[in-house]
Amino acid sequence: MYAIPCAAVLALCGLAVHDGSVSASPASVATRDDRGVRPDTGASTMDGVYTAAQAVAGSDVFAAYCRSCHTPTVHSGPPFRGKWFGRPVAVLYGYIRREMPKNEPGSMSDEDYAAALAYLLKVNGMPAGDMSLPADSAALHRIRLDSVRTAPAPRSVPK
Ligand code: HEC
């Protein structure tokens, strides 16, 4: 039942979230988060970088703190892919942690942000694995948010 929170939220947020063109203002994201910089390794979110349990916890976090403003679908369409895919997971983690929830940025624990992010990976069709998604920017910098498993430009020839 989101009718009442949504009405309140719309006054805050305008229609940006609902027309599918939610803008994280790409230009400012770029300057703050070094858009285009390749992560250190070829690890990708297709390699199983969160656990199933973490994504379940993340779906609760999302329901409690995020869904009043945007449905998970908003975070899996072409605009979302265009903005975040190919970049380190750390960039999206940093953004969510710094800017969301919009009405109270930075108010959640790092673990809850990581869980919410794990849930978003799941919504994007990325597989769960044995290791939790770390609540650690340096570690997240080494994982590429992507729908392909292999690194785009392998640096060494396989043995
Ligand atoms: C009070 C409303 C509100 C809440 C609550 C909220 N958001 Fe947002 N979110 C927005 C708005 C508005 C934008 C558009 C960008 C902006 O205005 O800064 C946005 C943008 C985003 C984006 C970028 C969108 C894209 O397609 O790239 C992500 C990711 C995101 N939010 C995740 C979250 C997560 C995760 C939570 C819960 C922890 C959350 N938001 C809670 C209002 C909200």
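The legends below walk through several close-up views of this predicted model.

**View 1. The whole chain at a glance.** In this predicted model, local features need pLDDT of at least 70 and side-chain atom pairs count only at pLDDT 80 or more, while totals for chains, interfaces and linings use all residues. Residues are numbered from 1 along each chain as its sequence is written. The protein has seven helices and two strands, in the order α-α-α-α-β-α-α-α-β from the N terminus. Both kinds of element are DSSP runs numbered from the N terminus: helices are H or I with at least four residues, and strands are E with at least two. Of the 159 residues, 28% count as buried. A residue is buried if 20 or more other C-beta atoms lie within 10 Å of its own, exposed if 12 or fewer, and partly exposed in between, with C-beta atoms placed from the backbone.

**View 2. Confidence along the chain.** The predictor's confidence in each residue, pLDDT, runs from 0 to 100. Its mean for the protein is 79, and 67% of the residues reach 70 or more. Over residues 1-35, pLDDT stays under 50.

**View 3. Helix α6, wrapped by its surroundings.** Helix α6 covers residues 110-123. From its first C-alpha to its last, α6 reaches 20 Å, close to the 20 Å expected at 1.5 Å a residue; the expected span is 1.5 Å times one less than the number of residues. Why is α6 described as largely enclosed by the rest of the structure? The reason is that 10 of its 14 residues are buried. Among them are Tyr113, Leu117, Tyr119 and Lys122. The cover over the buried residues of α6 includes α3 (52-65) and α5 (89-99). Just after the helix, look for Gly125, which takes a positive phi of about 80 degrees.

View 4. Which residues of α3 are buried? They are Gln54, Ala55, Gly58, Val61 and Phe62. Seen down the helix axis, these buried residues fall within an arc of 110 degrees, so they line one face of α3; the arc is that of the directions from the helix axis to the C-beta atoms. On the face turned away from the buried side sit the exposed residues Ala53 and Ala63.

View 5. Val61 belongs to helix α3 and is buried, with 21 other C-beta atoms within 10 Å. Leaving aside neighbours within four places in sequence, Val61 is in contact with Asp112, Ala115 and Ala116. Two residues are in contact if their C-beta atoms, placed from the backbone, lie within 7 Å. Met108 is 47 residues from Val61 along the chain, yet their C-alpha atoms are separated by 9.4 Å.

**View 6. The largest nonpolar core.** A nonpolar core is a set of buried Ala, Val, Leu, Ile, Met, Phe, Trp, Tyr and Cys residues joined through C-beta atoms within 7 Å. Of the 30 residues in the largest one, Leu92, Tyr93, Ala116, Leu117 and Ala118 touch the most other members. Two or more residues come from each of α3, α5 and α6, with the largest share, nine residues, from α6. Not counting residues up to four places away in sequence, Ala118 touches Tyr50, Gln54, Ala55, Gly58 and Leu133.

**View 7. Thr73 in its loop.** Thr73 lies in the loop between α3 and α4 (78-84). Is Thr73 buried or exposed? It counts as exposed, with 10 C-beta neighbours inside 10 Å. Leu120 is 47 residues away in sequence and 9.3 Å away in space, C-alpha to C-alpha.
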